[in-house]
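My entries follow in the order in which I looked things up.

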Amino acid sequence: MEVVLIAIVIHVYSAFLLTVTAWSSVINCPRDRSSTVRKLVQNVIVPVFASEGQTVPRTCSFHKERDPYWEQEDNKIQESANRWTCGFCGKTFIAEYYLDLHYDNRHQQYLRQVSDSVCLAEYCDIFRCDVYPGIVSVDFWDTVLCLEDDMTELRQTCQEVVSSCIPEGLPEETSYWMKERIFNASCSYLTCKSYWHTDEKLSGLRIFLQVFVNMAVFSMMILYYILAYQHFYCQIPSDENKQTWQLERITLSHRRNPERTRMYRPYVP
Ligand SMILES: [Zn+2]
């Protein structure tokens, strides 16, 4: 009897630990970074599969149902740019960000953790999660400190991930072209030269605004330093000081050349 009870306790405890571990890994999967990878998968990988009449296989890390957030994502209803509706309860929000917060607070029961779940944020390195949505842009030190060896390693990882997603049994040519198209749209950017490149082109208005704002900030800084210099290092002489300075100057001049300054003694009332 005691042995049976101990076995039941161990079983329940193990199940509890598994549950806690599963939920922890879901919670530790960043929703925003997963979202960036998901959008790239939908924009880059899924269309390639669709064009060949294929679907992403379950063995691929990017299979929709391996994403813990897939059911919540399926229940996002975007009615316009500023109107997002929760498909579970019907509440409406002005931005996707607030709908995500609502899911975190109210609908965690729709997070799906299964044995082969994949946190898409783990692929942020190869999908450039910081570059693609414009969170960071290239600066001088990024390019100087970039190591081509690191990029080669990332590119190889990307190739392996892409290859693992191509279904087996396809004609060799189809398989080759699918890999090539996905590689060109994602892995090919993993070089020091192209890492910060995005396909998004700056509009003329945006360039003008950036130049205008930079010039305005620069002008304000120059003005600030001029005013600060005048305030701290230049004194406006009072009438009394002017007279004192004049006397000092004439006295000094008189010592050097008494004959010349005899006629110009200042009037002191
Ligand atoms: Zn809801």
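**Burial and overall make-up**

I began with burial: 15% of the 269 residues of the protein chain count as buried. I call a residue buried if 20 or more other C-beta atoms lie within 10 Å of its own, exposed if 12 or fewer, and partly exposed in between, with C-beta atoms placed from the backbone. This is a predicted model, in which local features need pLDDT of at least 70 and side-chain atom pairs count only at pLDDT 80 or more, while totals for chains, interfaces and linings use all residues. Residues are numbered from 1 along each chain as its sequence is written.

I listed eleven helices and three strands for the protein chain. Along the sequence they follow the pattern α-α-α-β-β-β-α-α-α-α-α-α-α-α. Helices (H or I, at least four residues) and strands (E, at least two) are DSSP runs, numbered from the N terminus.

I then checked contact range: among contacts with a separation of 6 or more, 66% join residues 24 or more positions apart. Two residues are in contact if their C-beta atoms, placed from the backbone, lie within 7 Å.

**Confidence**

I looked up pLDDT, the predictor's confidence in each residue, from 0 to 100. The protein chain averages 81, and 70% of the residues score at least 70. Over residues 12-25 the pLDDT stays under 50, and the model has three contacts beyond four places in sequence for them. Residues 201-205 are also below 50, with one contact beyond near neighbours in sequence. Where pLDDT is low, the predicted coordinates should not be read in detail.

I traced an open sheet of three strands in the order 1-2-3, with antiparallel pairing. Strand 1 and strand 3 (92-93) stand at the edges with a single partner strand each, so one side of each has no neighbour in the sheet. Two strands pair if DSSP finds at least two bridges between them.

Strand 1 and strand 2 (residues 83-86) share four bridges and form a hairpin with two residues between them. In strand 2, Cys86 is the bridge partner of Lys76, and Arg83 is that of Ser80. Two bridges join strand 2 to strand 3; one of the pairs looked up is Trp84 with Phe93. That hairpin has five residues between its strands, and Gly90 in the turn has a positive phi of about 85°.

Is strand 1 buried or in the open? Of its five residues (76-80), the number buried is zero, so strand 1 lies largely in the open.

Helix 4 (residues 96-106) lies across strand 1, strand 2 and strand 3, at about 15° to strand 2. Axes are lines fitted to C-alpha atoms, for helices over the stretch in contact, and angles run from 0 to 180 degrees between N-to-C directions.

**The annotated stretch**

I found the feature "domain: C2H2-type" placed by UniProt (unreviewed entry) at residues 84-107. That stretch is 46% helix and 21% strand, with its end C-alpha atoms 15 Å apart. UniProt positions are given in the numbering used here, feature names are shortened, and annotations may be inferred rather than shown by experiment.

Leaving aside neighbours within four places in sequence, Val37 contacts Leu120, Ala121, Tyr123, Cys124, Phe127 and Cys129.
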